[in-house]
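Biologist: I am new to this structure. Please take me through one part of it, the site around the ligand.

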Amino acid sequence: MNGFRWQPEATDGAARAGHLHTAHGVVATPTFMPVGTAGTVKAMTMDSVRSTGAGIVLGNTYHLMLRPGAERVQALGGLHRFMDWPGPILTDSGGFQVMSLGALRKLDSDGVTFQSHIDGSRHRLTPERSTEIQHMLDATITMCFDECPALPAETDAIAASMRLSMRWAARSREAFVARDGYAQYGIVQGGTEPQLRAESVRALTDIGFEGYAIGGLAVGEGQALMFQTLDGTVPLMPADKPRYLMGVGTPDDLLGSVMRGIDMFDCVMPTRSGRTARAYTGFGTLNLRNARHALDPRPLEAGCPCPACTRHSRAYLHHLFRADEILGPMLLTWHNLTYYQRVMQGIRTAILETRLGAHAIELRAGWAAGDP
Ligand SMILES: CNc1nc2c(CCNCC3CCCCC3)c3nc(N)[nH]c(=O)c3cc2[nH]1
């Protein structure tokens, strides 16, 4: 019996609240996972990440295999020790990043060969190697090695790519070293084609995983088509296993996806935007480089418990970004991650109180209202 499990707590429509039990602790769902690409959540210490309310963070095979190398992280005690994050870590399998970052990529039915975007060195990823790297990193949750097709694409190209990913899922599962409290997730593919998505879910549940991700979305298809694809895919997925929507998204994306039955998310937006002066708040986003903030003594967001909002003014944050001070990205990343966690906590409470519909209306009204 694997100690890893998702325990349901409440539902509201298709939305679920629960707890993810892992070897590295328990995480309340729905949950947003900050992205810690190369063993660090950029501009944050792990204590500050913890203080935002995050329970689980992301790492990545692609980045860590290139630098410092999976063998080196293993020799140093694994990623938890290396980055001093005692909570659960989910690592992506690297295929998506190879196609978005790697140079001179050669994809074949066995895997992908590419050159490092850092130093041009040549590397190869296969389902076996990706799974082995994630094991060396001591990832709590390991992702299958898959291929994420660019959209839009012809249906037969989507079908061929999905079927390749399903063969790779079987090989990833074969290579996975099962450990108590650890998990491996299959990744559903199939573009925006309902039949292909259904075929992919069947292929993955036939293999059997501890959790299931929905991949192949948030690649430019737009929110309507993403939600439409969720509507056709999520009901086919096992109800007793966690569901992870990869690479998503804005607060509005998170809300709509939780309402469609998703439990786990990752997205670079709150961290990447924090570094470029874009703040996420209950009244929408704002760019702190804008001159209108220069003399504004108000906190960024009233009621936000983060240091940017409790200790500083918008004028100060504006100054930091205009002066290109490192504290700017630090404070705004801290704020954005805090905001994302508050959104998830608010949604989770609403599910527990069976008032998610009303809560959704309030959230959307706030985002539409703009800066008070
Ligand atoms: C942004 N949209 C999007 N992301 C996708 C991702 C990446 C999810 N985020 C991982 C982090 C990214 C930064 C570095 C650390 C890992 C996808 N990953 C996989 N394996 N398969 C997808 O179909 C897949 C599909 C995705 N769509």
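Which residues come nearest to the ligand, of the 23 around it?

Modeller: First, the basis. This is a predicted model, where local features need pLDDT of at least 70, side-chain atom pairs count only at pLDDT 80 or more, and totals for chains, interfaces and linings use all residues. Residues are numbered from 1 along each chain as its sequence is written, and side-chain values use heavy atoms, with hydrogens and water left out. The mean pLDDT of the chain is 97, where pLDDT is the predictor's confidence in each residue, from 0 to 100. A pLDDT of 70 or more is reached by 100% of the residues. For the complex, the predictor gives an ipTM of 0.99 and a pTM of 0.98.

Now the site. Asp-92, Asp-146, Gly-216, Leu-217 and Asp-266 come nearest, of 23 residues around the ligand. A residue counts as near if one of its heavy atoms lies within 4 Å of the molecule. The shell divides into ten nonpolar, ten polar and three charged residues. Here Ala, Val, Leu, Ile, Met, Phe, Trp, Tyr, Cys and Pro count as nonpolar, Asp, Glu, Lys and Arg as charged, and the others, Gly among them, as polar.

Next, the polar contacts, each a pair of N or O atoms within 3.5 Å. Ala-218 uses its backbone, with an N or O atom 2.8 Å from a ligand nitrogen. The side chain of Gln-189 has an N or O atom 3.0 Å from an oxygen atom of the ligand. On its own, the ligand has 590 Å² of accessible area, and the protein covers 89% of that. Such areas come from the Shrake-Rupley method with a 1.4 Å probe.

Two elements also belong in this picture. β5 (57-60) and α5 (95-101) each supply at least two residues of the shell. β5 gives the most, with three residues. Helices (H or I, at least four residues) and strands (E, at least two) are DSSP runs, numbered from the N terminus.

Definitions and conventions. Polar contact = N/O pair within 3.5 Å; in protein donor to acceptor, adjacent residues only side chain to side chain.
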